[in-house]
Amino acid sequence: MHGSAEPMRHRGVARGAERDVERTLSHLRTLDAPVQRVQPSGPLTLEDLYRQHRMRLVRLAILLVDEPATAEDVVQEAFTGLHRNWGKLRDAAAAVSYLRTAVVNGSRSVLRRRKTARDYVPPHVVNARSAESLAMLSTEHQAVVAALSKLPPRQREVLVLRYYGGLSEAEISEAAGISRGTVKSTASRALEALQRAMNDGQRPRGF
């Protein structure tokens with residue numbers, strides 16, 4: 001887990017759901033860990049960032065929008081934006097932060113368009129996932145991912161950034177564009193809603 005991450009344990013949080021989502025998303029984070037390569041001797045390049053972070057960013061987007069192809073598009077657009085703004089970024093950490101925020105914002109745009117389109121086309125099946133994405137997950141992990149997909153977008157963002165991204169509350173606040181207090185309260189509601197979804201299979205209430 002991220003070294004600077006602060007534990008999100010508040011009164012009323014469903015501890016079982018927290019344990020389950022942490023175990024599942026940490027497992028996915030391990031599966032998606034980049035292959036260790038010799039560090040480049042010169043300055044970090046856009047190609048280096050693409051090679052090192054693309055897989056995790058795609059998984060992050062998949063967890064937010066459910067569709068692998070759409071997630072690929074979101075991440076590609078994030079890297080395109082990074083290329084346009086490359087000269088404005090002070091270091092690699094700022095570049096990675098830019099990419100995370102761009103993926104969150106791109107995923108939000110996808111979900112907004114999808115919600116609007118529901119007036120005209122059949123609803124998107126939020127649990128649809130590629131066989132490859134779930135091939136290495138146990139039934140228990142799959143149940144957590146399915147319940148996660150039923151959460152309202154902001155709740156899902158906070159849990160995915162925390163437990164898959166391994167981010168601290170401050171980093172989640174920056175990536176999602178919300179206050180640290182909102183991060184805490186949203187995480188608490190999200191875990192309670194996740195527990196309800198896993199217990200009875202019903203769609204969690206919004207926030």
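A crossing of two helices is right-handed if the near helix is turned clockwise from the far one by less than a right angle. In this predicted model, the crossing of helices α7 and α8 is right-handed. Helix α7 spans residues 153-164 and helix α8 residues 169-176. Their axes come within 10 Å and cross at roughly 130°. On the α7 side, the contact is made by E157, V158, L161 and R162. Helix α8 contributes I172, A175 and A176. Of the residues in this contact, 5 are nonpolar and 2 are charged. No polar residue takes part.

Elsewhere, the model holds 1 aromatic pair. The ring centres of Y50 and F79 lie 4.9 Å apart, and the ring planes stand at 65°, so the pair is edge-to-face. The two residues are 29 positions apart and link distant parts of the chain. Y50 belongs to helix α2 (residues 46-65), F79 to helix α3 (residues 68-84). Their accessibilities were also computed. Y50 is partly exposed, at 33% relative accessibility. F79 is buried, with a relative accessible area of 5%.

F79 is also among the residues touched by L99. L99 lies in helix α4, which covers residues 92-117. With 1% relative accessibility, L99 is buried. Leaving aside residues up to four places away in sequence, L99 touches L57, A78, F79 and L82. The C-alpha atoms of L99 and H53 are separated by 9.1 Å. Along the chain, L99 and H53 are 46 residues apart.

Terms used: Residues numbered from 1 in each chain as written. Predicted model: local features only at pLDDT ≥ 70, side-chain atom pairs only at ≥ 80, totals over all residues. Heavy atoms only, no water. Phe/Tyr/Trp six-rings, centres within 6.5 Å; stacked < 30°, edge-to-face > 60°. Helix = DSSP H or I, 4+ residues; strand = E, 2+ residues; numbered from the N terminus. Buried < 20%, exposed > 50% of the residue type's maximum accessible area, 1.4 Å probe, protein only. Contact = heavy atoms within 4.5 Å. Axes fitted to C-alpha atoms, helices over the stretch in contact; angles between N-to-C directions. Nonpolar A, V, L, I, M, F, W, Y, C, P; charged D, E, K, R; others polar.
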